[in-house]
Amino acid sequence: MRPRPSSGALWRRLRPLTLALALAALLGTSLSALPAQAGTASRSQAAGSSAAVVRVAEFLADCPFSHRLPDDPIIFPGLPGASHMHSFFGSTTVNAHTTLASLQSSPSNCNPRVDLSSYWVPTLYNGNTPVEPTGTTFYYLGEGVRDDVIARIQPLPLGLRIVAGNARATGPDDNTIARWSCLHAGHVGASKNFVNCPAGTMLESYLDFPQCWNGRDLDSPDHKSHMSYPVGGTCPASHPVPVPKLRQVLRYPVNGDPARFRLASGPGYTMHGDFFNAWPEAEMERRVRNCIRPIIKCGADGNPS
């Protein structure tokens, strides 16, 4: 029988093996931890980058009230005083004689200043006193159509003129699309006519313009038929070119009994909006390319907000 080694001799034999195993275990643990840590960092960076982008196809222009005139350069071009009273936003010199060329050479109060377009609506009256909105935002949106349609939206053509809503509506259901609601009082609900907003709130008007263009005409005899609203999430064959949807949001500093309110065109359901596009083509194209098609929420400067 071979003699048993002493405890000292046994430790001298096992020590190299023990150290090797310990070192392997340590290295294995450290190396295996590196990919996980790197992956965590990458995921954190990706999450931070993703959080910086809001997935809404949108850019906007804030264009305050400029002036009032009984003019309408789309419906009654060259005929001053031929229209009901309108409140104008954006371009500060608009009148019955306004053309694309005059818009392009006139100042604008919009943010951004590069938006030389004009927007106008029938003036709101509280009794016989005109009331102008203190919040005036014009959103350009991709919503209303499928994502694959958003991906091929084209810039609004320079010089395009559109009228949305029905100034001659005889009732709430007479082809009107405008909506009235209350700021900070969603429980009141939206209506096609004026609503009774609680004290401390404001009367709001929402109006969506059509977002499908026939691809040919910058205007039409009725100022509407060259445009169309989407059907089933896409543009109809008669109007195959998707463009950004203009949403007009106006906030008036009034509330209470809606019987006191009227528009220059009549009851609340006659609310309508006119738009004469004078965005510089490069600026409109940039915003469509960087904000609308990739479905990114942008601010007035056309950059992610």
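A residue counts as buried when its relative accessible area is under 20%. Phenylalanine 138, at 0% relative accessibility, therefore counts as buried. The structure discussed here is a predicted model, and the values below are computed from it.

**Overall features**

The protein has 305 residues, and 44% of them count as buried. Its secondary structure consists of 4 helices and 16 strands. Among contacts in the protein with a separation of 6 or more, 71% are between residues 24 or more positions apart.

The average pLDDT of the protein is 87, and 83% of the residues score at least 70. Over residues 1-50 the pLDDT is below 50. Beyond near neighbours in sequence, that stretch has 2 contacts in the model.

**Nonpolar cores**

In soluble globular proteins, nonpolar side chains tend to be buried together. The largest nonpolar core in this model holds 50 residues. Tyr119, Leu124, Tyr140, Leu203 and Tyr252 touch the most other members of that core. Helix 4, residues 281-292, gives the most to this core, with 4 residues. A second, separate core has 9 residues, including Ile74, Phe88, Val94 and Val163.

**Tyrosine 119 and its ring partners**

Is tyrosine 119 buried or exposed? Tyrosine 119 has a relative accessible area of 1% and is buried. Leaving aside neighbours within four places in sequence, tyrosine 119 is in contact with Ala61, Cys63, Ser87, Phe88, Phe89, Cys110, Phe138, Tyr140, Leu246, Asp274, Phe275 and Trp279. Phe88 is listed in the second core, whereas Tyr119 belongs to the largest core.

The model contains 12 aromatic pairs. A pair of aromatic rings is described by the distance of the centres and the angle of the planes. Two of the pairs are set out here.

| Pair | Centre to centre | Angle between planes | Arrangement |
|---|---|---|---|
| Tyrosine 119 and phenylalanine 138 | 3.9 Å | 20 degrees | stacked |
| Phenylalanine 194 and phenylalanine 261 | 5.9 Å | 75 degrees | edge-to-face |

Tyrosine 119 lies in strand 4 (residues 118-122) and phenylalanine 138 in strand 7 (residues 135-141), so their pair ties together parts that are 19 residues apart in sequence. The planes of phenylalanine 194 and phenylalanine 261 are at 75 degrees, so that pair is edge-to-face. Phenylalanine 194 sits in the loop between strand 9 (179-183) and strand 10 (202-208), and phenylalanine 261 sits in strand 15 (residues 261-263). These two residues are 67 residues apart, and their pair links distant parts of the chain. Both phenylalanine 194 and phenylalanine 261 are buried.

Ring pairs also build a cluster from Phe59, Phe65, Phe89, Tyr119, Phe138, Tyr140, Phe275 and Trp279. Among these, Phe89, Phe138, Tyr140, Phe275 and Trp279 are in contact with tyrosine 119.

Why is strand 8 described as largely enclosed by the rest of the structure? Of the 5 residues of strand 8 (residues 161-165), 4 are buried, so the strand is largely enclosed. Strand 8 and strand 16 (residues 272-276) run antiparallel and are joined by 5 bridges. Isoleucine 162 has phenylalanine 275 of strand 16 as its bridge partner. Phe275 is also part of the aromatic ring cluster.

Histidine 223 is placed in the loop between strand 11 (212-213) and strand 12 (227-228). Its relative accessibility is 11%, so histidine 223 counts as buried. Not counting residues up to four places away in sequence, histidine 223 touches Ile74, Ile75, Arg161, Ile162 and Val163. Of these, Ile74 and Val163 are included in the second core.

**Backbone details**

Asparagine 111 and proline 112 are joined by a cis peptide bond, with omega about 20 degrees. Proline 112 lies in the loop between helix 2 (100-104) and strand 4.

Histidine 184, a residue other than glycine, has a positive phi near 65 degrees. Histidine 184 is found in the loop between strand 9 and strand 10 and is exposed, with a relative accessible area of 72%. Isoleucine 295 likewise has a positive phi, near 60 degrees, and lies in the segment after helix 4.

How values were computed
Residues are numbered from 1 along each chain as its sequence is written. This is a predicted model: local features need pLDDT of at least 70, side-chain atom pairs count only at pLDDT 80 or more; totals for chains, interfaces and linings use all residues. Side-chain values use heavy atoms; hydrogens and water are left out. Buried means under 20% relative accessible area, exposed over 50%, partly exposed in between (1.4 Å probe, protein chains only). Contact means heavy atoms within 4.5 Å. A nonpolar core is a set of buried Ala, Val, Leu, Ile, Met, Phe, Trp, Tyr and Cys residues joined through side-chain atoms within 4.5 Å. Two strands pair if DSSP finds at least two bridges between them. pLDDT is the predictor's confidence in each residue, from 0 to 100. Rings of Phe, Tyr and Trp (its six-membered ring) pair if their centres lie within 6.5 Å; planes under 30 degrees apart count as stacked, over 60 as edge-to-face and the rest as tilted.
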